[in-house]
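Here's a quick briefing for anyone meeting this structure for the first time. Have a look at the sequence and the model, then read on.

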Amino acid sequence: MKQKLKKIAAITMARNDEFFLTRWIKYYGNEIGYENLYIYLDGTDQKIPKNAGAAHIQKLPHTDMPRTTGDKYRIGLMNDLARKLLKTYDIIIGCDCDEFLIVDPATNQTLAEYLSKIKIKNSVSGLGLDIGQNMNTEHKLNPNATILSQREYALLSTRYTKPVVKNAPLDWGRGFHSIDGHNFHIDKNLYLLHFGAVDMKMLEQKASARGPDWLNHLHRRGNGTINATSTLPAHGEKMLHIARIIQTYVRPIYALDKPAMLGLRRVVKIPSRFKLSGI
């Protein structure tokens, strides 16, 4: 008997991020259906991606805000949208457009099949993998090829072990990093891939657009993720299991609703089967 799939929506908000947004649309559209994507574009000047298809896209007026204020504003919009959608959807995936929730290809299940099968207690998290460029061996990204065919290393990051999946009208904290007032649950087969530090040239372009001081700072200090993936030894897949155990039970005393890694910084080689995600 064919498994009955739950109704799943994915939501995000983006500004000046066509590179990742087109990939976000393609990935989640293929996984759960383009008609189940809901996107806010921050600015009436923003272009709708050519591959948007049946995705629901709304342009909002842009207002310059301090970072903290802007983060609160954006997550407020996402929480309001999720509450509205949960009246007709079973599950909501909320994340930034450079974040991709994948199910381990070893399960031989699609993301929709897997999320429909597991028991979700309010929310569920994937283990966070912050993909970085190894400056010693990896070149500038070719935009015509998949990202994971060009990048092999990731920093295990508690920052990206996010409860991006929820099935109850509870509020995400800023950046989807927590569920207000609730613990989080890391699934054994889910991973959240973050690509914000996937290419140094891309980071340089963004820093240059913000001004010479930002670019000088990047050149002087580098990027934490890229520094790690370029200098630290890469561990095998066993470290993914160890990190999941640590993050399940350890909490920072200043944020009991978020995971911790005991101060450990570990780089892992991304399992080659993850390339099957098509990202």
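Helix α2 covers residues 67–85, and its 19 residues should span 27 Å at 1.5 Å a residue; the end C-alpha atoms are 27 Å apart, so the two agree. That expected span is 1.5 Å times one less than the number of residues. This is a predicted model, where local features need pLDDT of at least 70, side-chain atom pairs count only at pLDDT 80 or more, and totals for chains, interfaces and linings use all residues. Residues are numbered from 1 along each chain as its sequence is written, and side-chain values use heavy atoms, with hydrogens and water left out.

**Helix α2**
- Helices are DSSP runs of H or I with at least four residues, strands are E runs of at least two, and both are numbered from the N terminus.
- Buried (under 20% relative accessible area, 1.4 Å probe, protein chains only) residues of α2 include Gly70, Ile75, Leu77 and Met78.
- The buried residues of α2 pack against β1 (8–14), β2 (37–42), β3 (56–60), β4 (91–94) and β8 (165–166).

**Ser230**
- You'll find Ser230 in helix α6 (residues 224–231).
- Ser230 counts as buried because its relative accessibility is 14%.
- Leaving aside neighbours within four places in sequence, Ser230 is in contact (heavy atoms within 4.5 Å) with Gln133, Asn134, Met135 and Asn136.
- A polar atom of the Ser230 side chain sits 2.9 Å from the backbone nitrogen of Met135.

Key: Buried means under 20% relative accessible area, exposed over 50%, partly exposed in between (1.4 Å probe, protein chains only). A polar contact is a pair of N or O atoms within 3.5 Å; within protein, one must be able to donate a hydrogen and the other to accept it, and residues adjacent in sequence count only if both atoms are side-chain atoms.
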